[in-house]
Amino acid sequence: MKPKKKISPKRNEIIRRMGNAIKEGNARMDRYAVHLKEAAKCGVCSREGRTMVRLTYNDGQEAYLGKTCARYVLDYVNSEPIS
């Protein structure tokens, strides 16, 4: 998915970091977005929302991603070869 707007370098770095964690096996993303009881902030763009995708790290930390930001992370994971 090609973004309509240019994404800031800071957000690109966050997307890269999350994507690399998934590639290395240090994190996993839920398959489906869930509807939360209370609003949560997106880990990439800091927007608040109730329909989010959960990213769970092996050390127990969790991050929530909006649906669009989750697509950007998955596109990064699937686009580049594993190093």
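I started with α2: its face turned away from the buried side carries Asn78 and Ser79, both exposed. For me, exposed is over 50% relative accessible area, buried is under 20%, and partly exposed lies in between (1.4 Å probe, protein chains only). Helices (H or I, at least four residues) and strands (E, at least two) are DSSP runs, numbered from the N terminus.

A note on the source: this is a predicted model, where local features need pLDDT of at least 70, side-chain atom pairs count only at pLDDT 80 or more, and totals for chains, interfaces and linings use all residues. Residues are numbered from 1 along each chain as its sequence is written, and side-chain values use heavy atoms, leaving out hydrogens and water.

Next I looked up the buried residues of α2, and found Cys69, Ala70, Tyr72, Val73, Tyr76 and Val77. They sit on the same side of α2, because their arc around the axis is only 155 degrees (taken from the directions from the helix axis to the C-beta atoms). They pack against α1 (9-24), β1, β3 and β4, with contact meaning heavy atoms within 4.5 Å.

Then the strands; I call two paired if DSSP finds at least two bridges between them. β1 (residues 27-29) runs antiparallel to β3 (residues 48-57), joined by three bridges, and alanine 27 has tyrosine 57 as its bridge partner in β3. β2 (residues 34-41) is also antiparallel to β3, with four bridges. I found four bridges again between β3 and β4 (residues 62-65), in the antiparallel sense.

Last, the turn: four residues separate β3 and β4 in their hairpin, and glycine 60 there has a positive phi of about 100 degrees.
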